[in-house]
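These are my notes on the structure, written as numbered points. Please read them with the model open beside you.

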Amino acid sequence: MQQLDAQFMQQALDLAQRGAFSAAPNPLVGCVLVRDNEIVGQGWHERPGEPHAEVYALREAAQLARGATAYVTLEPCSHHGRTPPCADALIAAGVARVVIAMQDPNPLVAGEGITRLRAAGIEVSVGVLEQAARKLNRGFISRMERQRPWLRLKMAMSLDGRTALANGQSQWITGAEARRDVHAYRAQCGAILTSARTVIMDQARMTARHPQAQRQPLRVVLDRQQQLRPEHDFFAITSPVLRVVDGEDKVENHWPEHVSTLVLPATSGRLPLRALFSKLAELEINDIWTECGAELAGALVAAELVDEWIVYVAPKLLGDSSRGVLQLPVFQELVQAPELRYESFTQLGEDLKICARPRFPAGGADRGEVQS
């Protein structure tokens, strides 16, 4: 039974992944209905406002759903949102058993769906492939449990840890395969975080140019000193932009309709990043993809706000006169240096992609809701 449960749950997780480019801000959810060890219905949640995974699976199974086992990657919802409760749909269909990967961290559900299913006489099992399910929805879980999005810091550097030549030239350190991978991340995130300095120096637009992109992420640009102007190419693209500044506009600018401004008073010359992330969580942003220079990257690391590093390493040597990847405080002892643990290594063309996590996240041991 355990082996079969894991097998069918893995299929549900694979289905959930199909919503990666479109489901946000909702979580990724997949559902498989099984009867006599055969799949009779399956579905996944594609986009907000449309039916949830369970509904699609029940529609496909039709009468075969009665007496079947439902494998769901996230606890079925129990509240009326833009769609009716999925727990009620499973009960009405007459399923005999529901296997759930993880409880929903959303306070509107948070165990109520499980309670409702059990009260209806349905056998419920929770925790099958739970860590894989948590990894799938790290951003959603982070927003629900920590009230801030999951933050990925992207770095592209030479083998000797340099991001650009001394004169600022950086295009392109990495190859086409790595750049395509970056655009896949951009297309799946809720927001891209960068700085005015990066936008100006790199002529960056921070859009998602990927064949599966179904929406553009919110482009969040830190412009404490208000260096950017409406006529900059960054604003020519009409996808939403959030300017984060220290005070009211110093110059009478007429910003396009797709540009909004958030005023966050700086402390010691820095914008309050935690306050920004709380605001982004209120805007239902699950995941932040960060592309920036050494100063902002170092500030995020020093503040222990980076949840995951995505590092692309090119087989090039730029030399010690070139620009470094991080600005961190001067450490006197090795024990002061932040430590990471590697999650994966992938060859992308000639480049190496490294995924890493903090070895000692802020607050001590890994919190279960975002651990994978």
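1. Helices (H or I, at least four residues) and strands (E, at least two) are DSSP runs, numbered from the N terminus. With those labels, His 52 is located in the loop that joins β2 (38-44) to α2. Keep in mind that this is a predicted model.

2. Cys 86 belongs to helix α3. Is Cys 86 buried or exposed? Its relative accessibility is 1%, and buried means under 20%, so Cys 86 counts as buried. Beyond its neighbours within four places in sequence, Cys 86 is in contact with His 52 and Cys 77, and also with Glu 54, Val 55 and Pro 76.

3. The largest nonpolar core has 44 residues, and Leu 33, Val 98 and Leu 117 have the most contacts inside it. Among the elements that give two or more residues to this core are α1 (2-16), β1 (30-35), α2 (53-61) and α3 (86-93). The largest share, 6 residues, comes from α1.

4. What does Leu 33 touch, leaving aside its neighbours within four places in sequence? Its contacts include Ile 39, Val 40, Ala 57, Leu 58, Ala 70 and Val 95. A second, separate core has 34 residues, including Met 155, Leu 264, Val 311 and Ile 354.

5. Next, the sheet. Nine strands, written 9 in the count, form an open sheet with mixed pairing, in the order β11-β10-β9-β8-β12-β6-β13-β16-β15. At the edges stand β11 (259-263) and β15 (340-348); each has a single partner strand, so one side of each is left without a neighbour in the sheet. On average, neighbouring strands are turned by 20° against each other, direction ignored.

6. Within this order, β8 (residues 191-195) and β12 (residues 287-290) pair in the parallel sense over 3 bridges. Leu 193 stands opposite Thr 290 in β12.

7. Helix α9 (residues 273-282) packs on the sheet, where it touches β6 (150-158), β8, β9 (218-222), β10 (241-245), β11 and β12. The direction of α9 makes about 165° with that of β9. Helix α10 (residues 294-302) lies across β6, β8, β9, β12 and β13 (308-314), and runs at about 115° to β8.

Note on methods. Residues numbered from 1 in each chain as written. Predicted model: local features only at pLDDT ≥ 70, side-chain atom pairs only at ≥ 80, totals over all residues. Heavy atoms only, no water. Core = buried A, V, L, I, M, F, W, Y, C linked by side-chain atoms within 4.5 Å. Buried < 20%, exposed > 50% of the residue type's maximum accessible area, 1.4 Å probe, protein only. Contact = heavy atoms within 4.5 Å. Pairing = 2+ DSSP bridges. Axes fitted to C-alpha atoms, helices over the stretch in contact; angles between N-to-C directions.
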